[in-house]
Amino acid sequence: MLCKRLHHAAYRCLDAKDTVRFYTEVLGLKFSHAMGEDHVPSTGLYSPHIHIFFQMEDGSCIAFFECPKDPGNIKDKDSPDWIQHFAFKVESLEVLMQAKKDLELKGLEVLGPTNHDDFITSIYFFDPSGHRLELTADTCEKTMYPIFEAEAPKVLALWDETHDWSQREKIFGSKSGYKR
Ligand SMILES: [Fe+2]
């Protein structure tokens with residue numbers, strides 16, 4: 001494959017210092033790199049900013065820009081809150097449940113656990129800029145992966161045809177939930 005793994009996904013933050021505190025102290029990521037520019041390197045546009053990176057165990061990062069002079073919102077405020085989010089994988093369901101307790105002890109409001117198709121189970125919360133974050137644990141046997149992969153184009157085709165799930169039984173074997 002051309003694309004080896006996630007390098008980074010970048011978002012805008014309200015305050016770089018608060019963001020560093022949250023991602024290092026609350027989530028335990030490594031504050032691995034910070035760059036400062038008055039002009040955007042790719043376009044040359046004037047925008048004094050700091051670009052900060054937080055590294056996970058596999059070397060992949062979540063990154064942020066604090067851009068005080070630029071217009072616009074920190075995130076898309078017109079879409080529902082749950083849509084745009086960033087998900088971190090954790091080791092196991094046990095680790096996920098302990099993380100929920102730890103985050104709540106640190107004063108965060110945590111939603112979940114939520115089971116998604118017996119594929120993953122997740123919890124949700126927000127960072128100091130209002131970005132939705134997810135911690136997720138794999139909950140299915142590896143034998144399910146080829147089944148999910150073979151099913152995906154059929155799921156897409158039915159969606160493309162109907163744009164609702166009134167006929168979901170055809171694929172998922174149930175009017176609600178997933179029975180395969
Ligand atoms: Fe997600």
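What share of the 180 residues of the chain count as buried? The figure is 12%, where a buried residue has 20 or more other C-beta atoms within 10 Å of its own, an exposed one has 12 or fewer, a partly exposed one falls in between, and C-beta atoms are placed from the backbone. Bear in mind that this is a predicted model, in which local features need pLDDT of at least 70, side-chain atom pairs count only at pLDDT 80 or more, and totals for chains, interfaces and linings use all residues. Residues are numbered from 1 along each chain as its sequence is written.

Let us start with the whole chain. Its C-alpha trace spans about 55 × 40 × 35 Å along the principal axes. The chain has 4 helices and 8 strands; these are DSSP runs numbered from the N terminus, with helices being H or I of at least four residues and strands E of at least two. Read from the N terminus on, the elements run β-α-β-β-β-β-α-β-β-β-α-α. The domain assignment gives domain 1 (1-72), domain 2 (74-140) and domain 3 (142-180), with bounds that come from an automatic or database domain assignment. The centres of domain 1 and domain 3, taken over C-alpha atoms, are separated by 36 Å.

The UniProt record, an unreviewed entry, lists residues 5-138 for "domain: VOC"; its positions are given in the numbering used here, feature names are shortened, and annotations may be inferred rather than shown by experiment. Over residues 5-138 the chain is 18% helix and 42% strand, with its end C-alpha atoms 18 Å apart.

Now find the open sheet of 4 strands, whose order is β1-β4-β3-β2 with mixed pairing. Two strands pair if DSSP finds at least two bridges between them. At the edges sit β1 (8-12) and β2 (30-39), each pairing on one side only. From one strand to the next, the twist averages 20°. Strands β3 (residues 46-55) and β4 (residues 61-66) run antiparallel and are joined by 6 bridges; here Phe53 stands opposite Ala63 in β4. Across β2, β3 and β4 lies helix α1 (residues 16-26), running at about 10° to β3. Axes are lines fitted to C-alpha atoms, for helices over the stretch in contact, and angles run from 0 to 180 degrees between N-to-C directions.

Is Cys67 buried or partly exposed? Cys67 is partly exposed, because 17 other C-beta atoms lie within 10 Å. Setting aside neighbours within four places in sequence, Cys67 is in contact with Arg12, Ser47 and His49, contact meaning that the C-beta atoms, placed from the backbone, lie within 7 Å. From Cys67 to Lys4 the separation is 63 residues in sequence and 30 Å in space, C-alpha to C-alpha.

Further along comes helix α2 (residues 93-105). At 1.5 Å a residue, its 13 residues should span 18 Å, and the end C-alpha atoms are 19 Å apart, which agrees; the expected span is 1.5 Å times one less than the number of residues. Just after α2, Gly107 takes a positive phi of about 95°.

Then follow β6 (residues 111-116) and β7 (residues 120-126), which pair in the antiparallel sense over 4 bridges. Thr114 has Ser122 in β7 as its bridge partner. This hairpin has 3 residues between the strands, and in it Asp117 takes a positive phi near 60°.

Conventions:
Two residues are in contact if their C-beta atoms, placed from the backbone, lie within 7 Å.
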